[in-house]
Amino acid sequence: MPDLSKKVIITCAVTGGIHTPTMSDALPFTPDDIARQSIEAAEAGASILHLHARDPKDGRPTPDPAVFMQFLPRIKQATDAVVNITTGGGLNMTVEDRLAAPLAAKPEMCSLNMGSMNFGIYPLADRYSNWKYEWEEPYLRGTDDFIFRNTFRDIERIVKTLGEEHGTKFEHECYDVGHLYTLAHFVDRGLIKGPFFVQMIFGILGGIGPDLDNLLFMKRTADKLFGDAYRWSVLAAGRFQMPFATQSALLGGSVRVGLEDSLYIGRGKLARSNAEQVGKIKTILQELGHEIATPTEARQILGLKGGDQVDF
C-alpha cells in the first residue's frame with residue numbers, strides 16, 4: 001500500500017472569474033474550450049479540476065447551471081479527475097447565484113472562501129487599452145470598491161447545504177491568517193470534519209502577500225489549529241505561481257496551477273494552455289523526487305464521496 005501522505009495533489013483551476021479574454025487567447029470561456037482544456041489538464045497530471053463557467057458569447061463569468069452542464073458531463077465522461085466547482089463565482093454574484101450550479105451538480109468538491117475581503121484586480125486594467133469585449137474594463141476597475149462577501153452565515157449555509165445534505169467536501173480557500181481561524185471556528189463547532197483541504201492563497205490584492213515568511217507562518221498556524229486533520233495546498237497569483245507551488249511541495253504540501261491563477265508559463269511568456277502549466281509543475285515535482293497523486297488517491301486522501309455520487 002503506497003504512503004498517500006507523501007503524495008502531491010495537483011489541482012488545475014481552468015478559467016476562474018478574474019482574468020478576461022483580452023488578456024490571453026488561451027483563456028477558455030466556451031463550454032467546448034473549458035471541456036477540452038480540462039481534459040487535457042487531467043491527462044497532463046491534474047487530479048482535481050477547479051471549474052467556473054463563462055458566458056460563451058463574451059467570456060464574462062456566469063453562475064448559470066445550464067452552462068456548467070454543457071461541459072461537466074463531458075469532463076466526467078473523458079477523465080477520472082475530481083471535479084471541483086466554484087462557490088465563489090464572479091464579482092457581484094449573490095450567494096444564491098454562487099450556489100446554483102453546485103446544488104444542481106452535487107460535485108465531490110467545491111471551493112469555499114473562508115472570509116469576506118477586499119479583492120482588488122483593478123490594477124490589471126491599466127495594462128490594456130484595446131478590449132475584446134465591453135464588459136471587461138469596468139468589471140476590473142470596479143474592484144477598487146468591491147468586497148468579496150463570505151460572512152459566517154454564508155459559509156455555514158454553504159457547508160450545510162452542500163456538505164451535510166449532499167456529501168460535498170471543500171477546498172477551503174484561505175487568503176489570510178484570519179481565514180484559518182474562521183475555518184477553525186467551524187471545525188470546533190463540528191460543522192467541518194477531517195480530513196479537510198486547505199488552499200492557502202498568496203498575492204491577491206487584499207489578501208496576504210507572496211512572501212516566503214508568510215507561507216511558513218500560514219503553515220505553522222494551520223498546524224497549530226488543525227494538527228493532522230487537514231491536507232494543504234498553495235496557489236499564488238501571477239508570477240509567483242510556480243515558485244510558491246514548488247515551495248509548497250518542499251514543505252509537504254500540494255499545489256494548484258491553472259489559468260485562473262496565472263496566465264503565464266515563464267517570465268513574459270503566456271501559457272498556451274492549462275495543460276502546459278500542469279506539465280511544468282509535474283516535471284518540477286518529479287525532479288524533486290515527489291510522487292503525484294492519481295485521482296483515485298486524491299479521493300482517498302481527502303475522503304471524497306466518489307465520482308458516481310454526483311448529478312452530472
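Biologist: What are the ground rules here?

Modeller: This is a predicted model, where local features need pLDDT of at least 70, side-chain atom pairs count only at pLDDT 80 or more, and totals for chains, interfaces and linings use all residues. Residues are numbered from 1 along each chain as its sequence is written, and side-chain values use heavy atoms, with hydrogens and water left out.

Biologist: At what angle do α7 and α8 pack?

Modeller: Elements first. Helices (H or I, at least four residues) and strands (E, at least two) are DSSP runs, numbered from the N terminus. Axes are lines fitted to C-alpha atoms, for helices over the stretch in contact, and angles run from 0 to 180 degrees between N-to-C directions. Here α7 (residues 177-188) and α8 (residues 212-226) pack at about 15 degrees, with axes 10 Å apart. That makes α7 roughly parallel to α8. The classes are: under 35 degrees roughly parallel, over 145 roughly antiparallel, 65 to 115 roughly perpendicular, the rest oblique.

Biologist: Is the crossing of α7 and α8 left-handed or right-handed?

Modeller: Look at the near helix. If it is turned anticlockwise from the far one by less than a right angle, the crossing is left-handed; if clockwise, right-handed. The α7 and α8 crossing is right-handed.

Biologist: Which residues in α7 and α8 meet?

Modeller: Contact means heavy atoms within 4.5 Å. From α7 come Val177, Leu180, Tyr181, Leu183, Ala184 and Val187. From α8 come Phe217, Met218, Thr221, Ala222, Lys224, Leu225 and Phe226. By class, this contact has 11 nonpolar residues, one polar and one charged. Ala, Val, Leu, Ile, Met, Phe, Trp, Tyr, Cys and Pro count as nonpolar; Asp, Glu, Lys and Arg as charged; the others, Gly among them, as polar.

Biologist: How do the axes of α1 and α10 cross?

Modeller: The axes of α1 and α10 (residues 274-287) come within 8 Å and cross at roughly 15 degrees. That makes α1 roughly parallel to α10. The crossing is right-handed. Gln37, Glu40, Ala41 and Ala44 of α1 make the contact with Asn274, Ala275, Val278, Gly279 and Lys282 of α10. Four of these residues are nonpolar, three polar and two charged.

Biologist: Now the loops. Is Asp261 buried or exposed?

Modeller: Buried means under 20% relative accessible area, exposed over 50%, partly exposed in between (1.4 Å probe, protein chains only). Asp261 is buried, at 8%. Asp261 lies in the loop between β12 (254-257) and β13 (264-266).

Biologist: Which side chain does Asp261 join in a polar contact?

Modeller: A polar contact is a pair of N or O atoms within 3.5 Å; within protein, one must be able to donate a hydrogen and the other to accept it, and residues adjacent in sequence count only if both atoms are side-chain atoms. The side chain of Asp261 joins that of Arg256 at 2.9 Å.

Biologist: Where is Pro28 found?

Modeller: Pro28 is in the loop between β1 (10-13) and α1 (31-44). Pro28 is buried, at 1% relative accessibility. Beyond four places in sequence, Pro28 touches residues including Asp33, Ile34, Gln37 and Asn274.

Biologist: Which backbone values stand out?

Modeller: Most residues other than glycine have a negative phi, and most peptide bonds are trans. The bond from Gly194 to Pro195 is cis, with omega near -5 degrees. Pro195 lies in the loop between α7 and β10 (196-202). Asn92 has a positive phi, near 75 degrees, and is exposed at 66%. Lys106 has a positive phi near 50 degrees, in the loop between α4 and β6 (109-113).
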